[in-house]
Amino acid sequence: METLHHSALRGLPNVAAVCSSSREQLESSSHSAEIVKFNGFHRRGTIGSCGSDASITLRNSRTGTRKMFRKSSDVVGVRIQPRSALAAERGSWSSDGLNEQERGVDVPKQHGSSTSISMGGLGVKQRTREAEGVTAAGGGLRKNERAAVPVDYMKYLQEYLTDESSSLSWFCPVLENKPPQDAPILLFLPEVVGTGLGFSMQQENLGRLFELRCLKIPLRDRTPFEGLVSFVEETVRNEARNHPGRPIYLLGESFGGVLALAVAARNPKLDLVLYLINPTTSFEQSPLRSLSPVIQALPSAVSPAIPLLLGLINYDPVSLASQVASSFAAAQNLPENLSNVLQLLTSTLPENFLPWKLKLLQSSARYVNSRLRAVKADVFILASAKDDLLPSVEEAKRLTTVIPTATYRSIPEGGHILLLEKEFQMATAIKGSGLYRRTKSRDPVTNFVPPTREEMDKAFASFKLLRSVLSPVFFSVGDDGKVVQGLSKLPVSKTPLIFVGNHFLYGMDMGLVWCELMNECGLLPRGLAHPVIFEKTMAERGHSDADRYRLFGAVAVNGKNMYKLLSQGESVTVYPGGAREALHRKNEWHQLFWPTRPEIIRMGAKFGATFIPMCGVGEDDIFEILLDFDDYKKLPVVGEQIMKTFDGLPRLRQGVEGEVGEQTLHVPVVAPKLGGPGRMYIHFGQPIYTEGREEYFKDPKNVEAEYLRLKSGVENGISYLLNKRKEDPYRQFLPRITYELTSGGKQAPTFEP
């Protein structure tokens, strides 16, 4: 039996389809040539097989003509790649099965033997070589054109740079990382030169989230800006028709950001999400604008202008002369394998390339700036603070005032071509933005994508200094009430788990707790955080860590979100004291300010959750509070104005009885403890099980009793740690850090549980 890949078959330049069923039939999307029927297909894991009666029926989208090809005569051993493998946007086949240019397609073969395939004259060819993807111009590749190998994007790019073609197309990689079956599509729109170098550095991680396509703009292409918009727009509209329930993502880099905005402005009713990286809407303020006459007058040896266009080197008028004399290999912060590509780019530039691109930059900025108010899509702008080519941060601020649905993040150390910087991951930025979704639903609970190992490692690294300074120790209690050091007593199989605890000042314990649970138990409890953390202005100004919270699954705290999380079996972390505990007053160390109503118990019992009373102590050994909320009110002259500012901030629990209802947000002024910070101690108490106790929890008195038991579990844990830490010989900073430095980094021991 011959094998056919079961994944979505949207991709052969003359055969474009998606898999709607895992058995008996494949039905297509509405590209120019569609698979409307595929009989004899049976799914087996990730590979399907076709029997002797297998057949494919194709329909020409334009003429309605249908053709059937049977396995016995026409379909022989072809392994069709998934949706992202091969791309097609236009083109058709004539009555003899070939389009007007007799285009062929390289179909990667699974096991490397050479097979010539003819699907009823469709001209589908296969050569003996490893290949991972192809480009499609119009209906497909030209005859004898080779497929691209995105595993080595630079090699592909060099082939592209020497390509004599002048037609726009899409490059679609086949990656080892597979996105979900219902993944949305992401169209990458490159910088003005059109190389897509940034795409090459990001495609691996983006491939976990999206079906990918990269716009290919040949060096000889002279399509005006509106023509480029129309080309992308046609693809966007086709995708919207084929998958009306999915959003379409446009990732625009530099000039590509302007192109994305133009498409969004012309299609306000489509479900689009835009990510813009240093868009060239501010071209009039760019040094390139003032240098245009000089650059246009340069002779054919124009290598210094290319890095300027790409933004790969810093613009400095004083050093411009030395840049002119230097080679591309001297460009700053480039991956090692870019030098050959840039040298090749210089040698293959067609005549009048630079004047055309500068004109394109200018005309595109004017076109888009006059239409910004028509943009209705979600827009997320990444602006590099060290972009010497454009005033990107100021431009991002301007765009967010014109486009109500736009927000931005400033990247302090970023340059113009941010995607080429090794430490930057676009996929991480997308997940942290809160805009990633696979359907029309904007629910942050269901759209969450767990962090990758790399993202978790970066999180661990970011807490390394804090961990080394505080040297936290963790304890857990089993069902027998015995305390042990470490997390071995946590009932990790009794999910969903609800960790309920007290807040450290400023919530500084949360990151260390999450890292320990992820590292030691493989648990990632979803955090329920104050909504102000996710407020747009706070995040833009860098006053909150909203993107990292979202990356690790945190959502705004409310009953609806908690209900959804528990219904999906997700573990959660809850701090009932909220901001009242995290921003407590002087002399309120380790005190609980919980609501009186036991709703958390009632909801947890509904899903058979296991409650873990959690607590931490040590904040009093780390900080001194110099100015608290009560002190602000007493300040002469400025106190009244400061209180008005605090009163204008959101309040989460207005009307709730007790101290927890007094959650006025403010900023306590603190100073580090003299002699260095003390140690942090975290305690996970005896579990409280609700599974199988449905009848018990129907009685409100029992619910109240279990709530008090949960609160007592936290309070008892705090008392236990406060008493036992007196026995810790390394509670204070100096003896602890001395021990750990002289023992090769081994953590200092603590008290015996």
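This is a predicted model: local features need pLDDT of at least 70, side-chain atom pairs count only at pLDDT 80 or more; totals for chains, interfaces and linings use all residues.
Student: What percentage of the residues in the chain is buried?
Tutor: A residue counts as buried when its relative accessible area is under 20%. The chain has 753 residues, arranged with 23 helices and 27 strands. The buried share of those residues is 59%.

Student: Among contacts between residues at least 6 apart in sequence, what percentage joins residues at least 24 apart?
Tutor: A contact requires heavy atoms within 4.5 Å. Of the contacts in the chain between residues at least 6 apart, the share joining residues at least 24 apart is 74%.
One such separation in sequence is that of V445 and K560, which are 115 residues apart. Their C-alpha atoms are 10.0 Å apart in space, while the share asked for is 74%.

Student: Is V445 buried or exposed?
Tutor: V445 is located in the loop between α11 (426-433) and α12 (453-462). Its relative accessible area is 2%. The cut-off for buried is under 20%, so V445 is buried.

Student: Which residues does V445 touch, leaving aside those up to four places away in sequence?
Tutor: V445 sits in a loop, between α11 and α12. With sequence neighbours up to four places away left out, its contacts are R526, V555, N561, K564, L565 and Q568.

Student: Why is α11 described as largely enclosed by the rest of the structure?
Tutor: The helix has 8 residues, and 7 of them are buried, so the rest of the structure largely encloses it. Just after α11 comes G434, with a positive phi of about 80°. The buried residues of the helix are M426, A427, A429, I430, K431, G432 and S433.

Student: What is the handedness of the crossing of α12 and α14, and how do the residues of the contact divide?
Tutor: The crossing of α12 past α14 is left-handed. On the α12 side the contact uses R453, M456, A459 and F460, and on the α14 side C515, M518 and N519. By class these residues are 5 nonpolar, 1 polar and 1 charged.

Student: At what angle do α3 and α4 pack, and what is the handedness of their crossing?
Tutor: Helix α3 spans residues 225-242 and helix α4 spans residues 255-266. Their axes are 9 Å apart, at an angle of about 65°. The crossing of α3 past α4 is right-handed.

Student: How do the residues of the contact of α3 with α4 divide by class?
Tutor: From α3 the contact takes F225, E226, L228, V229, S230, V232, E233, V236 and R237. From α4 it takes F255, V258, L259, A262, V263 and R266. The division is 10 nonpolar, 1 polar and 4 charged.

Student: How is α19 oriented to α22?
Tutor: Helix α22 covers residues 700-724 and packs against α19 with the axes 8 Å apart. The angle is about 105°. The range from 65 to 115 degrees counts as roughly perpendicular, so α19 is to α22 roughly perpendicular.

Student: Which residues of α22 meet α19?
Tutor: The α19 side of the contact consists of I600, I601 and R602. Over both helices the contact has 5 nonpolar, no polar and 2 charged residues. The residues from α22 are V703, E706, Y707 and L710.

Student: What is the phi of S471, and is S471 buried or exposed?
Tutor: S471 lies in the loop between α13 (464-470) and β17 (473-477). Its phi is positive, near 45°, and the residue is not a glycine. With a relative accessibility of 2%, S471 is buried.

Student: Which residues does the cis peptide bond with omega of about 0° join?
Tutor: One of its two residues, P496, is in the loop between β18 (483-485) and β19 (497-501). The bond joins T495 and P496.

How values were computed: Residues are numbered from 1 along each chain as its sequence is written. Side-chain values use heavy atoms; hydrogens and water are left out. Helices (H or I, at least four residues) and strands (E, at least two) are DSSP runs, numbered from the N terminus. Buried means under 20% relative accessible area, exposed over 50%, partly exposed in between (1.4 Å probe, protein chains only). A crossing is left-handed if the near helix is turned anticlockwise from the far one by less than a right angle, and right-handed if clockwise. Ala, Val, Leu, Ile, Met, Phe, Trp, Tyr, Cys and Pro count as nonpolar, Asp, Glu, Lys and Arg as charged, and the others, Gly among them, as polar. Axes are lines fitted to C-alpha atoms, for helices over the stretch in contact, and angles run from 0 to 180 degrees between N-to-C directions. Angles under 35 degrees count as roughly parallel, over 145 as roughly antiparallel, 65 to 115 as roughly perpendicular and the rest as oblique.
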